[in-house]
Amino acid sequence: MISKHYLLDTSIILDDTQNIIFLWQDSQNKLFISDVVIEELDKKKDLQNETGFFAREFFRCINSDESQSFFYMHEDTFIRHVAKENNDFMQVIYFRFENFVIPLTLIFRQQYKLQRQEHSYNDSKLIEIARDYKLVLLTNDISLKTRCIAQGIPAQSLFRDRVENPNDIDFWAFFEQHKDAPLEHLQESKAFKDLTQWSLIQIDELDNTDSSLYKTGKKIFGLKVGKKFEELNLDEILKINQPYIMPINLEQKMLYALLTHPQNNLTIATGSTGSGKTLMALQAGITLVKNGVVDGIMYMRNTITANDKEAELGYRKGDENQKLGYFMYPLYSAINFTIDKLQEHSLAKCIEYRGDVSGIQKRDATEYFLQKHKIEIVDIAHARGISIGNKFVIFDEVQNASNATIKLIGTRIGEGSKIVFLGDWAQIDHPYLSKFRNGALSLLSKALKDDFIAGIQLRQTIRSDVASWFGANF
C-alpha cells in the first residue's frame with residue numbers, strides 16, 4: 001500500500017474522532033493537523049451536543065505530556081525543508097484510543113502568506129498549508145474541497161459507510177405457493193434460508209385447473225423469525241391490541257407488528273414525511289406500555305435543524321425543557337393527531353382530553369397524554385452515562401446522527417428495553433452527512449445483513465395534494 005500524507009480538516013474530527021484510526025491504517029499513512037483545526041475544535045468543545053462531544057473527545061485522546069520533536073520523528077527531507085523555510089513550528093502529538101497510539105504531526109504557522117479576509121479565512125489557511133507541504137487535504141466540507149480542487153490541490157472526503165443507492169434497500173421477499181402445500185415447505189427453499197431474520201414476507205397463494213396455474217388473490221404475510229416462517233394475521237393483531245390510531249396501509253401494519261413483536265428489540269424504519277413513522281411508533285409504544293412489556297416510552301431525537309448549522313440548544317429561549325420542545329414537534333404532532341381522533345370517537349375522551357385543537361388547553365391535553373402513557377422526552381446530550389431499562393425508545397431523525405451517536409444511544413439500552421430508530425435518509429440537515437451517508441443508511445445497511453436488527457422502508461405517504469406536489473417537484 002502506498003503511504004499517503006493527509007492534512008485533516010475540522011469536519012473529519014467532528015464527524016467522528018475514530019476517523020483518525022481509520023485513516024491511519026495501521027501506520028500505513030501519515031496524518032497532519034494544523035493550528036487552525038486546533039483553534040476551531042477549542043471553540044466548539046463547550047457545546048453540549050454531538051459536535052462538542054467530539055471536540056472534547058479529541059482533546060481527551062491527546063491529553064498526554066508525551067510528544068516528540070518533528071525533526072526527530074520524521075525523515076521526510078522535503079517536509080523538513082518547507083518547515084524551516086516558513087519558520088513553522090512542528091510537533092508530533094499522540095492520539096490515544098483504547099489500544100491505538102497514533103502520531104499526529106501538528107503544524108503551527110506563525111505568519112500566513114495570504115491576506116486576511118472575512119470569508120473562509122481559516123479554510124484559506126488550510127489550503128496554504130496543504131499546498132506548501134503537498135498534503136492531501138481531507139475534508140467533508142464540500143465548499144473547501146471544491147476550492148482545493150480548483151487550485152490543483154488534492155482533496156478528498158471521507159465517506160465511511162456510503163450507500164450509493166439507498167432507495168434500492170428493500171426488506172420484502174416475495175414467494176408463490178400452492179394453497180394445498182404446507183407453509184413449512186417454504187422454509188426448505190434456498191431463497192428463504194438465505195433471508196436474514198425479520199425479513200418481511202409476502203406469499204401469493206396459487207391454485208390450478210387441469211391445465212393451468214393461477215393466483216387466487218389471497219396473500220399471506222409474515223416474518224422470518226429464527227429459521228422459520230411466522231405468519232402474521234395483521235388484522236387480528238390490531239383487533240387484539242386496539243391501538244388508538246389504526247394503520248391505514250400494509251407498510252404501517254407491518255411496522256406496528258414488528259415493533260410489538262415480543263422477540264424484536266431493535267428496528268430501523270425510514271420514510272419521508274407523511275409515511276406515518278412517528279405515529280405508528282407511538283401507537284406501538286403505547287401498546288407495549290398497556291401490555292406491561294415496558295414501563296414507559298422514551299422519545300429522543302437529534303437537535304439538528306435545517307436553519308441551525310449545529311444543534312445549539314443554548315441559543316434558544318426558555319429553560320431546558322422549553323428549548324428541547326422546539327425540536328419535539330414530530331412527537332407532539334403524533335400525540336395531538338391521536339388526541340383529535342380520540343375526541344372524535346368518544347365523548348368520554350373528549351372530556352378527558354379537553355381543549356380545542358388550536359386552544360391553549362390543547363397544551364394541557366398533550367401534557368396529560370404524556371403523563372398518562374409514561375412518555376418522557378430526553379436530550380441525547382444527556383444520554384451519556386445513563387442506562388435505559390424497560391423502556392420503549394424512539395430515536396427520531398436518525399439520518400442526522402453519526403454512527404458514533406447511534407453507538408452512544410445503543411449502548412445505553414438496558415435489559416427489557418426496545419428501540420426503534422426513525423428517519424428519512426434523504427432529508428439531511430447535519431453539516432457533515434449526506435443522503436448517501438448518514439445514520440439511517442448505516443442502520444438500514446446493517447439490517448440487510450444482520451439477524452439482530454429489523455428494517456423497513458415506508459414508501460407510501462399520506463400527504464395533502466400541495467405537500468405531495470412539492471415532494472415530487474422539488
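Axes are lines fitted to C-alpha atoms, and angles between them run from 0 to 180 degrees between N-to-C directions. The exercises below concern a predicted model.

**Exercise 1.** Determine how helix α3 and helix α7 are oriented relative to each other, and name the residues that form their contact.

*Solution.*
1. Helix α3 spans residues 35-44 and helix α7 spans residues 121-133; their axes come within 9 Å and cross at roughly 150 degrees.
2. Angles over 145 degrees count as roughly antiparallel.
3. The helices α3 and α7 are therefore roughly antiparallel to each other.
4. On the α3 side, V36, V37 and E40 make the contact, while α7 contributes N122, K125 and L126.
5. Sorted by class, this contact of α3 with α7 holds three nonpolar, one polar and two charged residues.

**Exercise 2.** Describe the open sheet that contains β9 and β10, and locate the helix lying across it.

*Solution.*
1. The sheet has four strands in the order β8-β9-β10-β11, with mixed pairing.
2. Its edge strands, each pairing on one side only, are β8 (172-178) and β11 (228-231).
3. From one strand to the next, the twist averages 40 degrees.
4. Strands β9 (residues 200-208) and β10 (residues 213-225) pair in the antiparallel sense over eight bridges. Q202 has F221 in β10 as its bridge partner.
5. Helix α11 (residues 250-260) lies across β8, β9 and β10, and runs at about 30 degrees to β10.

**Exercise 3.** State which helix supplies the largest share of the lining of the second largest cavity.

*Solution.*
1. The second largest cavity holds about 40 Å³ of space.
2. Its lining consists of N241, Q242, P243, Y244, Q283, I286, T287 and K290.
3. Helix α12 (residues 277-290) supplies the largest share of this lining, four residues.

Definitions and conventions: Residues are numbered from 1 along each chain as its sequence is written. This is a predicted model: local features need pLDDT of at least 70, side-chain atom pairs count only at pLDDT 80 or more; totals for chains, interfaces and linings use all residues. Side-chain values use heavy atoms; hydrogens and water are left out. Helices (H or I, at least four residues) and strands (E, at least two) are DSSP runs, numbered from the N terminus. Angles under 35 degrees count as roughly parallel, over 145 as roughly antiparallel, 65 to 115 as roughly perpendicular and the rest as oblique. Contact means heavy atoms within 4.5 Å. Ala, Val, Leu, Ile, Met, Phe, Trp, Tyr, Cys and Pro count as nonpolar, Asp, Glu, Lys and Arg as charged, and the others, Gly among them, as polar. On a 1 Å grid over the protein atoms alone, a cavity is a set of points where a 1.4 Å probe fits but cannot get out, and a pocket is an open set with protein on both sides within 12 Å along at least five of seven lines; lining residues have an atom within 4 Å of a point. Grid points are joined across faces, edges and corners, and a volume is the space filled by probe spheres set on the points. Two strands pair if DSSP finds at least two bridges between them.
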